[in-house]
Amino acid sequence: MPGHDDRTGGLRGPWFWKLLGMLIRPWVALRTEPPAAGSVMAADKPVVYLLERYGAINAVILEEACRAQGLPAPLRPMPGGYLPKSRAVLALSRREGWLFRRPRQKTHSAGLAQVVRAVQASPDLDIQVVPVSIFVGRAPQRESGWFRVLFSENWVVVGRFRRLLSLLLNGRDTIVHFSPVVSLREVVAEGMDAERTVRKASRVMRAHFRRLRAAVIGPDLSHRRTVIDAAMNAEGVRNAVVALASKERITLEQAEGRARSFAWEIAADYSHPTVRSASFLLTAFWNRLYDGIRTHHFDTLKQAAPGHEVIYVPCHRSHIDYLLLSYLLYSNGIVPPHIAAGVNLNLPVIGSLLRKGGAFFLRRSFRANALYSAVFSEYVTQLFQRGVSMEYFIEGGRSRTGRLLEPRAGMLAMTVKSFLRESRRPVVFQPVYIGYERVLEGKSYIGELSGQAKEKESIFGLLKSLKLLRERYGKVTVSFGEPVYLTQLLDDSVGDWRASARDEKPEWFGAAVAASGRAHPRQHQSCRRRQSGQSIVCGATRYAQARDGRRRPEAPDRVESAPDRVGAVFGSRDHDGLDPAGVIAYGEKLGVIQRVKHPLGDVLHSTGDQAVLLSYFRNNVLHLFATPAWVAVCFLNNRRLQRVTVERLGRFIYPFIQGELFLPWSEDEWVARIDAMIGQFVREGLLECEDEGKVLRRRVGQTDEAFQLRVTANSLLQAFERYYIALALLVKSGPGVLSTGELENQCQLTAQRLSLLHTQAAPEFFDKTLFKGFIATMRERGVLSLDGNAKLSFGDDLVAMAEDSKLILSRELRHSILKLAGSTDRVEITPPPKVA
């Protein structure tokens, strides 16, 4: 740039600046953005640099960057004397005082006011203002030392000593960002007086610096009070405060105090240094607990995230989920999200740390508390306004059985509502599946499934759980599914939603939330097939066992067939499988199966608790084996069946299996997979074709092929038994006798009784939630309806379903269920007993 050649030497200005520059130069490595920062400056106009935060170190770093770029020196007086200083540097904020420095409480820069008045006084003068942002230690990039994270760049205006430590520790990662030049002549051309011009320019520059800082280190939520104040000033919260004061006859101050206490209970207190510090501690934690963390399709997230408000919707298996996903995102250079956590985790000390990691707390239920609901909803809206990514578990709580739980609509409804009200960017939901080979809370899950009360979270319980850290828990798989774009989902489910998007509650709102709830579990199931071979090991091991839990000979061929059947259903073996011997060896290493040596061949078995945990793993991959299990079930009590009969019954039963396992296919796609699985069974020799493939036949007697069909069918057989229990109770009682709640209770009692008398069923066999889902699906399909007395009514379709079950269930089992169904007439419906 002409006229700048005299500035290519050392620092210019007083001896203090020269000395300070010599001292810090060895500690600093600068990166200038953009690389050619001075290409748009006019050489014949004075230049003044505007910093977001003033400080001697910032001024020297700016001088170094300008010298490297050949730009006018900021530590020399501005030509023309328009700024009565010894340097051409201004700042929007600075700290005053010598020993006890505090942020200066002014709304604008005095130096900026001086140059504005100078331009207004001289019509031919134009001064170029160059906004400059300086970042020493960029977040969320990881550093090589733990102590450095405490002094990384954040949103807090720090003092000299802290800034010096930050430079010494993180100075090798310093970014100097030159923004486009602002012409003061164009600013004053708007015709406002000097004071209004300065205030407006200061507001615009502050907004610019905030946007740039948020892009570099993440959004500013370090000031928890500002977010709470914004939520408290929202119209919805003010209206709720007035309504509460009127309802309970208290003063507005008391009602507002209650609302503010709710806000402090909810709000996160995000801290970049805390997150960076936690990343180092968690690295050692993962290495201690797990044999590795594998991620699949992370690029899916990186492609979807830019330009979108990202909502992470992982499945929920363990308390580890909170930490694991944030850690992975941070390690891959993505700012961790704010996480909706249950208020039960807001423990002393632990709650504060979780808040600083981005957790905000919510109560399990607050439908009856209008004020709390208004405050929480507004807090979520404030996060949207600030462009903060969020994470919540749409299942509501941790799954104790390994199955996906029915999605809860609460947070989804708030997300859709906030998007329609305030979101400045489109929203994308990112489904995430987290799969564990062993769950840290496995033993407590066994107790809860056996009827024990859930142990309340406490500091004492946390200390007791430290002994679990002595064990190893295998590998963890984290899979990122296909993103769900909210605007596309609204287009598909609603159509013309934009015309009424600003209404208080559009007619289509409930349908949109329901469509979103259905989309996420199916994406989770699609993620689940992208698991490690070791994850399928645990499911396949249980899958290859008989229901009675008896010991079985080692049979690698049964485990080997599992990946082939997954490939026949999904079109690919999208996992890193092990050979059969490796599967069994890995199961032994995890301790989920035991080997008994014998001269005639080793025997594998699992103990009582481990058998329950294996059921958990089986449920993790149950959807993978739904198709082979259905085909095998058809031949449990039938030697020969027509292919069309297998497909017809499969089409009929699919809505119920789909509702329970959240399968992603249409009925036609399901039938196509049944046809593909029949072909796979024929290739394995489990079935034979007759009459040009129109008739299917299994082998007779106690052949190994017949045994494989039986164990293959076991993974879904209990589901069909549950269905038949509900059908038998309805048929036995007749239409218009049982309410929905009464039927659910009788189903649970009958299933518990059947489990005690006949087989060692998995704990979820008598889970009321599964019966509730089956009954809801029958109502959606029109098989059941409610009469005027809120009793369940049905017709011939339900009776036909009960008749078709003869093709699937054995006569003995059907007789037992019918006998138990008859005995429920004499049972008073009470809460079900605990089952040991």
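How many bridges pair S20 with strand S22 in the antiparallel sense? Three bridges do so, and S22 covers residues 695–698. Strands here are DSSP runs of E with at least two residues, helices are runs of H or I with at least four, and both are numbered from the N terminus. Two strands pair if DSSP finds at least two bridges between them.

This is a predicted model, in which local features need pLDDT of at least 70, side-chain atom pairs count only at pLDDT 80 or more, and totals for chains, interfaces and linings use all residues. Residues are numbered from 1 along each chain as its sequence is written, and side-chain values use heavy atoms, with hydrogens and water left out.

**Overview**

The protein has 31 helices and 24 strands. Of its 836 residues, 54% count as buried. Buried means under 20% relative accessible area, exposed means over 50%, and partly exposed lies in between, with a 1.4 Å probe and protein chains only. Among contacts between residues at least 6 apart in sequence, 78% join residues at least 24 apart. A contact means heavy atoms within 4.5 Å.

**The S20-S22-S21 sheet**

Three strands form an open antiparallel sheet in the order S20-S22-S21. Its edge strands are S20 (640–642) and S21 (687–690), each pairing on one side only. From one strand to the next, the twist averages 30°.

Across from Leu641 stands Leu696 in S22. Gln642 has Val695 of S22 as its bridge partner. S21 and S22 run antiparallel, joined by four bridges. Here Glu688 stands opposite Arg697 in S22. S21 and S22 form a hairpin with four residues between them. In that turn, Asp691 has a positive phi of about 55°.

Helix H26 covers residues 667–684. Its 18 residues should span 26 Å at 1.5 Å a residue, and its end C-alpha atoms are 26 Å apart, so the two agree. The expected span is 1.5 Å times one less than the number of residues. The buried residues of H26 are Trp670, Val671, Ile674, Met677, Ile678, Gln680 and Phe681. Just after H26, Gly685 takes a positive phi of about 85°.

Helix H28 (residues 740–757) also has 18 residues and reaches 26 Å from its first C-alpha to its last, close to the 26 Å expected. H28 is mostly covered, with 13 of its 18 residues buried.

**Nonpolar cores**

In soluble globular proteins, nonpolar side chains tend to be buried together. A nonpolar core is a set of buried Ala, Val, Leu, Ile, Met, Phe, Trp, Tyr and Cys residues joined through side-chain atoms within 4.5 Å. The largest one has 66 residues, and Trp630, Phe720 and Met778 have the most contacts inside it. Helix H27 (residues 704–733) gives the most to this core, with 14 residues. Trp630 touches Val646, Leu649, Gly650, Ile653, Trp670, Ile674, Leu716, Phe720 and Ile808, leaving out residues up to four places away in sequence. Apart from this core lies another, of 54 residues, including Val237, Leu383, Met411 and Val513.

**Aromatic pairs**

The structure holds 19 aromatic pairs. Rings of Phe, Tyr and Trp (its six-membered ring) pair if their centres lie within 6.5 Å; planes under 30 degrees apart count as stacked, over 60 as edge-to-face and the rest as tilted. Two of the pairs are set out here.

| Pair | Centre to centre | Between planes | Class |
|---|---|---|---|
| Trp286 and Tyr327 | 5.8 Å | 70° | edge-to-face |
| Tyr723 and Phe774 | 4.5 Å | 10° | stacked |

The Trp286 and Tyr327 pair links helix H10 (residues 272–289) to helix H12 (residues 320–331), 41 residues apart. Both Trp286 and Tyr327 are buried. Phe285, Trp286, Tyr290, Tyr327, Tyr436 and Tyr473 form one aromatic cluster. Tyr723 in helix H27 and Phe774 in helix H29 (residues 768–780) are 51 residues apart. Tyr723 is buried, and so is Phe774.

**Val89**

Val89 lies in strand S3 (residues 89–93). Its relative accessibility is 1%, so Val89 counts as buried. Val89 touches Val48, Tyr49, Leu51, Tyr54, Leu62 and Pro74, not counting residues up to four places away in sequence.

Definitions and conventions. Axes fitted to C-alpha atoms, helices over the stretch in contact; angles between N-to-C directions.
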